Amino acid sequence: MTFLDIRLIDIIDIVLVAYLMYRLYKLIKGTVALNIFIGIFAFIVFWLMIKALNMQLSSTILDNFVNVGVLAIIIVFQQEIRRFLLLLGSRYNLAGFSFDNLFAMKTPGMMSIYIKPVVRSCEEFAKTKTGALIVITRKSELIDFVQTGELINAVISRQLLKSIFFKNAPMHDGAVIISQSKIKAAGCILPVSQNMDVPKHIGLRHRAAMGITESTDATAIVVSEETGRISFFSEGKGKYNISVEELEKLLEEKV
Ligand SMILES: Nc1ncnc2c1ncn2[C@@H]1O[C@H](COP(=O)(O)OP(=O)(O)OP(=O)(O)O)[C@@H](O)[C@H]1O
């Protein structure tokens with residue numbers, strides 16, 4: 001009964017595969033990729049059945065499909081594989097590691113330095129129905145996305161946020177990225193979420209906030225130009241129509 005010998009490394013192996021499958025499922029849940037994934041799974045089951053029944057002709061034809069299968073999967077899931085690798089790279093990257101970060105502690109005073117102006121600005125945007133999209137980075141500094149906009153690198157202030165998102169301002173389109181207590185850039189272009197599991201009314205601004213939080217560890221705030229409602233996004237999930245107090249609490253928890 002040697003086949004029942006289970007080593008510690010086998011358990012680690014199984015847990016690792018289960019975790020990767022779970023992450024993959026979370027990543028493609030609600031997207032068309034899930035249907036493709038189910039289709040591939042059904043195909044594999046069918047192929048295994050044909051093999052077991054020893055059906056020569058069908059087996060030869062399907063074998064040819066399976067031979068190019070890996071390549072086909074890479075092509076079909078190109079977007080998802082990219083997002084998955086981006087997620088791994090940004091959630092668990094050590095590029096931002098420094099001793100400063102290691103010993104830096106969030107004190108209530110420090111937090112309010114940049115949470116307060118953001119929250120107050122959102123409150124104002126909500127009242128005046130000014131559309132806004134603000135991304136706040138965590139470990140990953142989102143350099144690739146910062147580079148799609150105008151570099152600012154300025155201290156966070158209500159006035160600055162107001163002038164960026166002012167309707168006729170040149171940089172009001174796109175997202176502001178806040179990183180390391182600075183407004184790094186404005187007018188940034190973010191990846192749009194393909195998730196089909198979202199409320200019908202949400203448009204591109206909200207989808208962009210969802211997209212960036214799906215593929216990176218950042219959080220994002222949206223103020224709707226249409227309704228003045230504030231929404232908060234983290235890990236690809238949105239909390240819609242939240243109050244200013246809720247926003248402040250979420251920022252303190254998540255950022
Ligand atoms: N990929 C993107 N990256 C950054 N900003 C984007 C992106 N796509 C759209 N936007 C911003 O969203 C604005 C359009 O928002 P749209 O009306 O489609 O979205 P919405 O979610 O319905 O928001 P609102 O409720 O404010 O209308 C654009 O003018 C632009 O500023």
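Visitor: Into which domains is the chain divided?

Guide: The chain splits into domain 1 (8-76) and domain 2 (99-254), with bounds that come from an automatic or database domain assignment. Residues are numbered from 1 along each chain as its sequence is written. This is a predicted model, where local features need pLDDT of at least 70 and side-chain atom pairs count only at pLDDT 80 or more, while totals for chains, interfaces and linings use all residues.

Visitor: How many Å separate the centres of domain 1 and domain 2?

Guide: Taken over C-alpha atoms, the centres are 38 Å apart.

Visitor: Which residues touch the most other members of the largest nonpolar core?

Guide: Start with the general idea: in soluble globular proteins, nonpolar side chains tend to be buried together. A nonpolar core is a set of buried Ala, Val, Leu, Ile, Met, Phe, Trp, Tyr and Cys residues joined through C-beta atoms within 7 Å. Buried means that 20 or more other C-beta atoms lie within 10 Å of a residue's own, with C-beta atoms placed from the backbone. Here the largest core has 41 residues, and Cys-122, Ile-134, Val-135, Ala-175, Val-176, Ile-177 and Ala-220 touch the most other members. Helix H7 (residues 108-128) gives the largest share of this core, six residues; helices are DSSP runs (H or I) of at least four residues, numbered from the N terminus.

Visitor: Which residues come nearest to the ligand?

Guide: A residue counts as near if its C-beta atom, placed from the backbone, lies within 6 Å. Of the 17 residues around the ligand, Gly-203, Leu-204, Arg-205, Ser-224 and Glu-225 come nearest. Helix H10 (residues 204-215) supplies the largest share of this shell, four residues.

Terms used
A residue is buried if 20 or more other C-beta atoms lie within 10 Å of its own, exposed if 12 or fewer, and partly exposed in between; C-beta atoms are placed from the backbone. Helices (H or I, at least four residues) and strands (E, at least two) are DSSP runs, numbered from the N terminus.
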